[in-house]
Amino acid sequence: MALEVKNITFSYNGGLLLEDASVAFEKSQIYAIIGPNGAGKTTFLKIVLSLLKPQSGDVFYEGKNLKSLTYLQKAKIFSYLPQMPVYSQEDKLWEVVKRGDYPHRRIPPPPRSLSLRKEIAELYLELKNMWERKMSTLSGGEIQRGVIARVVIQDTPVMVFDEPLNHLDLSHRLKLFELFQKMKNEGKTIIYAVHDFNISLEYNHKIFLIQKGGALKQLNNREEEVKEILKETYGVDFKTAKTDDKYYYFPFKRKE
Amino acid sequence: MKKTLFFIALFCVALFSAVFLFLPKNLDPSLKFEFITAIRLPEIFAVVLAGAALSVSGLAFQTVLRNDLADPYVLGISGGSCFGVTLSIIAFGGTGSGIFFRASSSFIFGLVCLFIIIKLSGNSPERLLLLGVISNIFFSTLARVFTLQLKPSELTSINYFLLGFISPLNSNEILFSFAAFIFFATPLFLLGDEIDILSFSDDESKTMGVNVQKTRILSILFATILASLIVSICGMIGFIGLIVPHIARIFTANDFKKLFLISIFLGPSITLFAYSFSKMANAKIVVPIGLYINLFGILFFVYLFAKKGFSNGA
């Protein structure tokens with residue numbers, strides 16, 4: 001068990017976002033977190049990263065309580081892409097991305113050579129010829145790939161992404177998932193929040209659903225059961241499509 | 001590295017011109033050496049220190065507060081520090097009971113000012129600057145009000161101080177201020193990598209291994225100490241902390257340590273040229289250096305403003 005989230009309860013402004021939630025994340029696995037707006041996906045990720053303190057409960061990495069670790073020690077375990085990344089518009093892309101190496105310069109050894117990490121990011125995120133460009137000259141999708149590269153450079157055993165598919169075109173979404181697959185094969189744990197989870201199903205990622213009011217449940221891809229849960233969660237109907245023995249789900253509005 | 005060497009060379013040229021050029025015309029050649037060591041060098045020391053300390057202080061404020069217009073003057077530290085120095089001069093007369101007391105009083109009032117301004121501004125860059133300007137005017141006016149009870153002779157010295165007058169430093173004061181500069185500028189430089197990471201959001205910085213709160217507080221503290229040290233020696237000098245980091249950014253990447261090294265040589269070069277200029281105008285009398293630096297600074301500022309404005313408009 002790489003990462004264990006135990007009995008987390010978190011409420012914000014009187015609203016309960018998580019109630020006694022427990023999850024165990026394993027090595028070499030990819031986890032997608034889905035749920036409606038405001039249900040607490042980001043909150044959940046921030047609790048996993050110990051950026052937010054829950055009212056009760058703890059997070060353990062390989063048996064160690066995260067509370068006992070310093071920022072620098074945690075930075076050797078976790079890397080994080082927030083939903084709305086902040087960076088200096090005036091910086092060049094490589095200046096931003098290179099800073100992901102900071103914890104490894106402070107506590108050696110680095111996971112693998114910086115040039116190798118740069119190559120991986122360049123290959124999967126298609127950043128060739130973009131390193132020297134100023135952030136202010138990049139498009140939304142290019143910026144998103146760039147900031148994902150910063151997480152790739154940090155290269156930690158647990159990687160957390162909050163809506164990494166934002167701004168990415170369809171082919172870059174697939175390439176990002178190929179990158180996830182590579183990281184998974186290397187033994188890493190990937191956790192990400194997402195809205196359109198059909199590609200997640202395609203890649204056999206484990207899917208957790210956070211519902212309003214604090215429930216956290218795992219979704220197994222059984223058609224009727226999932227349709228029922230999705231309808232209950234999102235308040236709309238879902239159509240299904242089946243290819244290669246797998247179901248995919250599409251919301252639609254019923255005509256009255 | 002090459003770029004840093006260029007700025008070291010520039011600094012040497014500026015230093016040479018400040019030391020040897022523009023000596024009084026009718027100076028007895030046999031007194032030349034004495035004149036330079038006894039009168040010029042202490043002044044030049046203060047000029048160099050002011051340029052270096054204000055530049056790196058401005059660089060730190062601009063980076064940490066993510067505000068391109070921040071510097072010790074604009075943030076109102078200079079005004080608060082100035083008030084602190086005035087109080088110590090009024091309380092103890094003359095040089096305000098020595099440089100240590102003067103610098104401490106300067107630092108405490110500068111820090112209080114900065115703290116109030118940052119609290120009131122609530123993270124809005126525009127409010128921060130506006131409050132800084134208000135605070136500067138308020139405290140320098142308050143300093144003047146306090147000086148009303150003084151004798152005319154003392155009044156002149158305070159007026160000169162408020163204009164940015166370089167007071168002749170004795171060897172103890174030179175030693176003290178140089179030691180203080182090294183003692184606080186070095187850790188500021190060493191915080192460079194952490195300060196760079198603060199360009200991300202707090203959450204990102206934390207997950208990248210940086211103690212955000214600690215880095216921010218320490219760097220602001222060091223930058224404030226450096227700025228208030230200069231105020232206690234030279235009075236209010238504006239713009240240097242604002243323009244030097246901007247010029248440095250033209251030459252190198254957005255990397256705090258690189259910018260720091262360039263700023264620490266570029267800042268004194270500019271103040272030394274301003275000093276030479278003031279001596280060119282009149283080598284005999286002691287001119288408030290702050291006046292010339294402000295004049296230089298405003299010209300640079302207008303140039304940068306015009307340049308940025310044009311490039312954005314294109």
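I began with burial: a residue is buried if 20 or more other C-beta atoms lie within 10 Å of its own, exposed if 12 or fewer, and partly exposed in between, with C-beta atoms placed from the backbone. By that rule, 38% of the 256 residues of chain A count as buried.

I noted the ground rules next. This is a predicted model, in which local features need pLDDT of at least 70, side-chain atom pairs count only at pLDDT 80 or more, and totals for chains, interfaces and linings use all residues. Residues are numbered from 1 along each chain as its sequence is written, while chains are lettered from A and ligands numbered from 1 in the order in which they are written.

**Chain A overall.** I looked up the secondary structure of chain A and found nine helices and twelve strands. Helices (H or I, at least four residues) and strands (E, at least two) are DSSP runs, numbered from the N terminus. I then took the box around the C-alpha atoms of chain A along the principal axes; it is roughly 55 × 40 × 35 Å.

Two residues are in contact if their C-beta atoms, placed from the backbone, lie within 7 Å. In chain A, 67% of the contacts with a separation of 6 or more join residues 24 or more positions apart.

**The core.** A nonpolar core is a set of buried Ala, Val, Leu, Ile, Met, Phe, Trp, Tyr and Cys residues joined through C-beta atoms within 7 Å. The largest one has 151 residues, and A:Ile33, A:Val160, B:Ala53, B:Val56, B:Leu226 and B:Ile230 have the most contacts inside it. Helix α2 (residues 32-64) of chain B gives the largest share of this core, 14 residues. I followed B:Leu226 further. Leaving out residues up to four places away in sequence, B:Leu226 touches B:Ala53, B:Val56, B:Ser57, B:Phe181, B:Phe184 and B:Ala185.

**A helix pair.** I turned to helices α5 (residues 114-125) and α6 (residues 140-154) of chain A, whose axes come within 9 Å and cross at roughly 145°. Axes are lines fitted to C-alpha atoms, for helices over the stretch in contact, and angles run from 0 to 180 degrees between N-to-C directions. The contact residues include A:Ile120 and A:Leu125 of α5(A) and A:Ile148 and A:Val152 of α6(A).

Most residues other than glycine have a negative phi, and most peptide bonds are trans. I listed the exceptions I looked up.

- A cis peptide bond, with omega about 0°, joins A:Pro108 and A:Pro109. A:Pro109 lies in the loop between α4 (102-106) and α5 of chain A.
- A:Ser28 is not a glycine, yet has a positive phi of about 55°. The loop between β2 (15-25) and β3 (29-34) of chain A holds A:Ser28. A:Ser28 is partly exposed, with 13 other C-beta atoms within 10 Å.
- A:Asp244 also has a positive phi, near 45°. A:Asp244 is in the loop between β11 (237-243) and β12 (246-252) of chain A. A:Asp244 is exposed, with 5 other C-beta atoms within 10 Å.

**Where the chains meet.** The contact takes 23 residues from chain A and 17 residues from chain B. On the side of chain B, α8 (192-197) and α9 (202-207) each supply at least two residues. α9(B) gives the largest share of that side, four residues.
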